[in-house]
Amino acid sequence: MARSVAEAQRPPRIAMLGGTFDPVHLGHLRSAVELREALALDRVHMVPAARSPLRDAPQVAPEDRLALLRLGIGDTPGLIADAREFSRRGPSYSADTLAELRDAYGPEARLVMALGHDAFMRLAEWREPHRLFELAHVVVIDRPDHEAPLPEALGELLAGREVETVADLMAEPHGRLLRLALPSRMAISATEVRRRLARGDSVRYLLPEAVESHVLAQGLYRETGREGR
C-alpha cells in the first residue's frame, strides 16, 4: 500500500521475523501480515536461519526452505524473503542479522525483532542478548494460553524495557519490548506439518497452495520408502 506524506517523512519501520521455516506455513505468513498491520511496518524481512544455535538442524536444505518461503510470500506487499543468513558460516545469530539491517536502514529506523513466546522465554540464553536491544526493539507475539513466569535472567534483561503501546515502542529506534496479541493466532505446528508430510497425510489448508504443490512435487519431508496416498 502507498505511504501517506506523513508516513514518508517518518523513519522507516522495519521488522525481522526469523525462524527455520521448515516448512513455511500459513501461520507464519498470517503472523507476518498481521504484524505489519499492527505496527504500521514498511517491510517485514522473513529470515530463514541456516542453522539455529538452540534448535535441531532443519530437515531440508537451505535452498529448499528459501524456495518455499518465496513461493509462500508470492506477491504479498511488504513481506521479503531474506536469505542473508545463508551467506554466513556457522550458526545464525540474530544480533548479526540485526546489525546488517541497522546498517542498511540507518540509525533512526525503527527496527523490530519479532519472535514467538517460546523463543522469547529463552531470549537470555541467546548470544549477546543485551546487544539485541542496542540494535532493535523486541516484539513478542503472545500466546494468550501461556503465562509462565519469566526466568530470572530474562527478567533482569527486560527490566525497564517493556512498553504498553505501539506509539511508545516507535518513539525510539531501539531498546524496548512490546507484547503483541495478533488477531488470528493460527496454531499451526511445523513439526506436525512435517509429520503429516512424512506419512503422506493431507496438509491442505496448513500450507499455501504453491508451497504444498512444490513440497509434494519434490517429495520434500517424505519418509523414504513410503508410497503416495
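Modeller: A residue is called buried when its relative accessible area is under 20%, exposed when over 50%, and partly exposed in between (1.4 Å probe, protein chains only). The model is predicted, so local features need pLDDT of at least 70 and side-chain atom pairs count only at pLDDT 80 or more, while totals for chains, interfaces and linings use all residues. Residues are numbered from 1 along each chain as its sequence is written, and side-chain values use heavy atoms, with hydrogens and water left out.

Biologist: What makes strand 2 mostly covered?

Modeller: Five of the six residues of strand 2 (residues 43-48) are buried. Strands here are DSSP runs of E with at least two residues, helices are runs of H or I with at least four, and both are numbered from the N terminus.

Biologist: Why is strand 1 called largely enclosed?

Modeller: Five of the seven residues of strand 1 are buried, so the rest of the structure largely encloses this strand.

Biologist: How do you know that strand 1 and strand 2 pair?

Modeller: Pairing requires that DSSP find at least two bridges between the strands. Strand 1 (residues 13-19) and strand 2 are joined by six, and they run parallel; this count meets the cut-off, so they pair. I14 stands opposite R43 in strand 2, and L17 stands opposite M46.

Biologist: Which other strands pair with these two, and over how many bridges?

Modeller: Strand 2 is joined by three bridges to strand 3 (residues 79-81), in parallel, with I80 as the bridge partner of H45. Strand 1 is joined by five bridges to strand 4 (residues 110-116), also in parallel, and there M113 is the bridge partner of M16. Further along, strand 5 (residues 137-141) and strand 7 (residues 177-180) share four parallel bridges, where V140 has R179 as its bridge partner.

Biologist: What is the order of the strands in the sheet, and why are strand 3 and strand 6 at the edges?

Modeller: The open sheet has seven strands in the order 3-2-1-4-5-7-6, with parallel pairing. Strand 3 and strand 6 (162-163) each have a single partner strand, so one side of each has no neighbour in the sheet.

Biologist: Why is the unit of strand 1, helix 2 and strand 2 called right-handed?

Modeller: The term applies if, with the strands pointing away from the viewer, the path from the first strand over the helix to the second runs clockwise. The unit made by strand 1, helix 2 (residues 26-39) and strand 2 is a β-α-β unit of this right-handed kind. The loop between strand 1 and helix 2 holds P23, and the peptide bond from D22 to P23 is cis, with omega near 0°.

Biologist: What makes a set of residues a nonpolar core?

Modeller: The members are buried Ala, Val, Leu, Ile, Met, Phe, Trp, Tyr and Cys residues joined through side-chain atoms within 4.5 Å. The largest such core has 35 residues, of which L35, L39, V44, M46, V139 and L169 touch the most other members. Helix 2 gives the most to this core, four residues. A second, separate core has 24 residues, including I14, L101, M121 and L132.

Biologist: Which residues does L39 contact?

Modeller: Contact means heavy atoms within 4.5 Å. Apart from its neighbours within four places in sequence, L39 is in contact with R13, V112, V139, V166, L169, M170, L178 and L180.

Biologist: How do you know that I73 is buried?

Modeller: Its relative accessibility is 6%, which is under the 20% limit, so I73 counts as buried. I73 lies in helix 3 (residues 62-73) and touches L29, M46, L79, I80 and A81, residues up to four places away in sequence not being counted.

Biologist: What makes E128 and R185 partly exposed?

Modeller: E128 has 36% relative accessibility and R185 has a relative accessible area of 48%; both values fall between 20% and 50%, so both residues are partly exposed. E128 lies in the loop between helix 5 (117-121) and helix 6 (129-135), and its phi is near 50°, a positive value in a residue other than glycine. R185, in the loop between strand 7 and helix 9 (190-199), also is not a glycine and has a positive phi of about 50°.

Biologist: Why is R127 said to lie over the face of Y93?

Modeller: A charge sits over a ring if NZ of Lys or CZ of Arg is within 6 Å of the ring centre and within 35 degrees of the ring normal. R127 is 4.3 Å from the ring centre of Y93, so the distance is inside the limit. The charged end of R161 sits over the ring of F133, 4.3 Å from its centre.
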